[in-house]
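Me: Please examine the structure below and answer some questions on its charged side chains.

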Amino acid sequence: QVQLVESGGGLVQAGGSLRLSCVGTGRSFSTYAMGWFRQAPGKEREFVAAINWSSDYTWYRYPVKGRFTISRDNAKNTVYLQMNSLKPEDTAVYYCAADTNHPSGSYYEDYYDMDYWGKGTLVTVSS
């Protein structure tokens, strides 16, 4: 069983920055690919970014590429999402998720490829 807890969300003005954190339990955290997803009101959950177990590879949804950076610290069982140049359309609940079966990770087209999820943290970007 893997538990994931996100933090770092909040209200920020357009153009501002936030850093989300996700702490995971379990000794095998370093072997999981990790991802960030988001869900805006009335919309489906969508992929944002992912990172493989060793941080060698990362993937990003096109609209956030160049603005968001995913990283991880396996010694702290933590994955991060640094979000810069935020836009009102980035407003959503952001979820951390783990893929325990494919350490190599990928661009996750389907959110149900992930095995475990956090409860989410709300990011609101005002214009």
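Reply: Before the questions, the conventions. This is a predicted model, in which local features need pLDDT of at least 70 and side-chain atom pairs count only at pLDDT 80 or more, while totals for chains, interfaces and linings use all residues. Residues are numbered from 1 along each chain as its sequence is written, and side-chain values use heavy atoms, with hydrogens and water left out.

Me: Is arginine 61 buried, partly exposed or exposed?
Reply: Buried means under 20% relative accessible area and exposed over 50%, with partly exposed in between (1.4 Å probe, protein chains only). The relative accessibility of arginine 61 is 24%. Arginine 61 therefore counts as partly exposed.

Me: Which side chain meets arginine 61 in a salt bridge?
Reply: A salt bridge is a side-chain nitrogen of Lys or Arg within 4 Å of a carboxyl oxygen of Asp or Glu. For arginine 61 the N to O value is 3.3 Å, and the partner is glutamate 46.

Me: How many residues apart are aspartate 90 and arginine 67 in sequence?
Reply: Their side chains meet in a salt bridge (2.8 Å, N to O). Aspartate 90 lies in the loop between β8 and β9 and arginine 67 in the loop between β6 and β7, so the pair ties together parts whose separation in sequence is 23 residues.

Me: With which arginine does aspartate 90 form a salt bridge with closest N and O atoms 3.0 Å apart?
Reply: Aspartate 90 has 0% relative accessibility and therefore counts as buried. Its partner at 3.0 Å has 6% relative accessibility and is buried. That partner is arginine 38.

Terms used: Helix = DSSP H or I, 4+ residues; strand = E, 2+ residues; numbered from the N terminus.
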